[in-house]
Amino acid sequence: MNAIPQATERDWRTPLELTLLGAIWGCSFLFMRVAVPSFGPFALVEVRLVLGALVLLPFLWRARAQFPPRRWLWLAPIGLVNSALPFVLFAYAAERAPAAIGAICNAMTVLFAALIAFLFFGEKIGVRRAGALLVGFAGVVVLATAKISGLSIGTAVLAGAAASLLYGLGVNLVKRHMTGLPSAAAAAATLSCASLWLLPMALTHLPPGPIPGKAWGAAIALGVVCTGFAFLMFYRLIGRIGPSRASTVTYLVPLFGAAFAWLFLGEPVTLQMLIAGALILGSVAVSQKG
């Protein structure tokens, strides 16, 4: 009697949550673009990490028995690789290029994860994925050579690509060293470690002047919504539909990131950005095919 209602609920709930998560993570690039000129990359990311960790800390407290000291020997470096460094790189990119640039680069995470698994962890990559990697990298080259309003965005693209490379490494480390841990609690642990890693740089790179309310609002939304609550949503999705289907949110983030930047900030969407985005997203789609 209950099977049909449950299936129906899954049918509408999953695409709705994937779309909402794609929109939230697309917003993160908009919020970085708004806040980073006032905060600077280090201070902004420190606020993001602390607020995101605070949202998730109750889950870590509840599961604290599963986090003995030896666990932290891996949680600390994963926090550096999977949160602190890529967040700073994306914030650096947001200082120098439209929000859509970082959102497009973010889609490369799936490809970098496959490449790192092949190079360092002995996983097979296959001809299809190898071809997808080449196409995706071609998209990065197209993006890096683009000019927006006459200005070169190459350094921002390289920063975004480096952040996605670190995410790809982080995915592999999480897969191998955090399996079996409650996901939300593990996210709280890595975000907390990341905030400690970044604290010295944040304290030595404090904002030079008063921070406008608009920038504070963007920073708080970035930490609470785009980091804390978004992690909760993502891990719930992984638990319900599996990591492969949950990762399809990758396709939505650049679309929402570019749309929000155009709608709310008036940032242009150029032909080169569209070509690069099509190459990168197309390569991700091919690499994830059955």
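Author: Helices here are DSSP runs of H or I with at least four residues, strands are runs of E with at least two, and both are numbered from the N terminus. One of the helices is α9, residues 213–241, and Gly228 has its place there. You're looking at a predicted model, in which local features need pLDDT of at least 70 and side-chain atom pairs count only at pLDDT 80 or more, while totals for chains, interfaces and linings use all residues. Residues are numbered from 1 along each chain as its sequence is written, and side-chain values use heavy atoms, with hydrogens and water left out.

Reader: Why is Gly228 called buried?

Author: Buried means under 20% relative accessible area, exposed means over 50%, and partly exposed is in between (1.4 Å probe, protein chains only). Gly228 comes in at 0%, so it's buried.

Reader: Why is Thr155 called partly exposed?

Author: Thr155 has a relative accessible area of 46%, so it lands in the partly exposed range. This residue belongs to helix α7. Between the C-alpha atoms of Thr155 and Leu134 there are 20 Å, with 21 residues separating them along the chain.

Reader: What about Ala138: which class does its relative accessibility give?

Author: Partly exposed, because the value for Ala138 is 35%. Ala138 sits in helix α6, and its C-alpha is 24 Å from that of Trp25, 113 residues away along the chain.

Reader: On to pairs of helices. Why are α3 and α7 called roughly antiparallel?

Author: Axes are lines fitted to C-alpha atoms (for helices, over the stretch in contact), and angles between N-to-C directions run from 0 to 180 degrees. Under 35 degrees counts as roughly parallel, over 145 as roughly antiparallel, 65 to 115 as roughly perpendicular, and the rest as oblique. Helices α3 (residues 72–96) and α7 (residues 154–177) pack at about 160 degrees, their axes 8 Å apart. That's why the pair is roughly antiparallel. A crossing is left-handed if the near helix is turned anticlockwise from the far one by less than a right angle, and right-handed if clockwise; α3 and α7 cross in the left-handed way.

Reader: What makes α5 and α6 oblique?

Author: α5 (residues 109–121) and α6 (residues 126–144) pack at an angle of about 130 degrees, with 10 Å between their axes. That angle falls in the rest, so the two are oblique to each other. Their crossing is left-handed.

Reader: How do you know that something counts as a cavity?

Author: On a 1 Å grid over the protein atoms alone, a cavity is a set of points where a 1.4 Å probe fits but cannot get out, and lining residues have an atom within 4 Å of a point. The structure has 1 cavity of 30 Å³ or more. The largest cavity holds about 40 Å³ of space, and among its lining residues are Phe29, Phe90, Ile101 and Gly102. Helices α3 and α4 (99–106) each supply at least two residues of that lining.

Conventions: 1 Å grid on protein atoms, 1.4 Å probe; cavity = no way out; pocket = protein on both sides within 12 Å on 5 of 7 lines; lining within 4 Å. Points joined across faces, edges and corners; volume = space filled by probe spheres on them.
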